[in-house]
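Here are my notes on this one, as promised. Have the model open while you go through them.

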Amino acid sequence: MTAGTVTRVVVADDQTVVREGIVMLLGLLPGIEVIGSAADGEEAVRLVAELTPDVVLMDLRMPRCDGVEATRRIRAGHPGTQVVVLTTYADDDSLFPALQAGARGYLTKDADGDEIVRAIADVISGEAGLSPRIQRRLLERFTEPVRTAPQSPDERPDGLTAREVEVLRLVAEGRSNPEIARTLHVSTATVKTHINNLFAKAGLRDRAQAIHYAYRHGLAQPPQ
């Protein structure tokens, strides 16, 4: 943001106390004017259509329409409005869908005022407004060795997704849920969801059956 210019911002967060706190903080920051606030993604999309803000500060976990879908709709219908995600979550299952939906910035809620101002200025100037933590994760993601899980749905048994195959392979390696979560950079709850889904699809009762299933379908190699 250049001197004298004001960036018009909409804040979207379903938690009233958090939303009001963000609005109050932004009101103290130079060069930023909060022109609206939304309690969910549907309201955020409507406010963007009505007010044409420069930037939306977007939470991800919201009712009716989550932040990823709201970001997708805003970027498709109002390309002049940039989206900066401001969320509690920094796991891969939150980060990458948001960026793929069109968010140009991503901050976690421990960001201070200077970081928020910098991210807003970056996206207005056409750059990516990413926190140092998120930048490191992106670098890690693109320098990780590529896993060879079957990518075509036709190559995966019982309708398993590529992510479920990846989780199954790690189960077959003897990894615990927290270890799988650390390897995939997701939450333990997300790992449990993937395991429950793949167990249901494949008709598995426990991890021992899952390991045999992985070996039988060539998704993992038994120890020599």
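1. Some ground rules before the details. Contact here means heavy atoms within 4.5 Å. Helices (H or I, at least four residues) and strands (E, at least two) are DSSP runs, numbered from the N terminus. This is a predicted model, so local features need pLDDT of at least 70 and side-chain atom pairs count only at pLDDT 80 or more, while totals for chains, interfaces and linings use all residues. Residues are numbered from 1 along each chain as its sequence is written, and side-chain values use heavy atoms, with hydrogens and water left out.

2. Start with helix 1. Its buried residues (buried is under 20% relative accessible area, exposed over 50%, partly exposed in between; 1.4 Å probe, protein chains only) are Arg19, Ile22 and Leu26. Looking down the axis of helix 1, these fall within an arc of 65 degrees, so they line one face of the helix; the arc is that of the directions from the helix axis to the C-beta atoms. Among what covers them are strand 1 (7-12), strand 2 (32-38) and helix 5 (113-124). The face turned away from the buried side carries the exposed Val17, Glu20, Met24 and Gly27.

3. Next, the interior. A nonpolar core is a set of buried Ala, Val, Leu, Ile, Met, Phe, Trp, Tyr and Cys residues joined through side-chain atoms within 4.5 Å. The largest has 27 residues, of which Met58, Ile74, Tyr106 and Ile134 touch the most other members. Elements giving two or more residues to this core include strand 1, helix 2 (41-51) and helix 6 (132-143). Apart from it lies another core, of 22 residues, with Val165 and Leu184 among them.

4. Have a look at Ser94 in helix 4. Ser94 is buried, at 4% relative accessible area. Leaving out residues up to four places away in sequence, Ser94 touches Leu60, Arg61, Tyr89 and Tyr106.

5. Finally, charges. With a salt bridge taken as a side-chain nitrogen of Lys or Arg within 4 Å of a carboxyl oxygen of Asp or Glu, the count is eleven. Arg46 pairs with Glu43, the closest N and O atoms being 3.7 Å apart, and also with Glu50 (3.0 Å, N to O). Why are Arg46 and Glu50 separated by about one helical turn? Because they are four residues apart in helix 2. Asp13, Asp59 and Lys109 are linked in a salt-bridge network.
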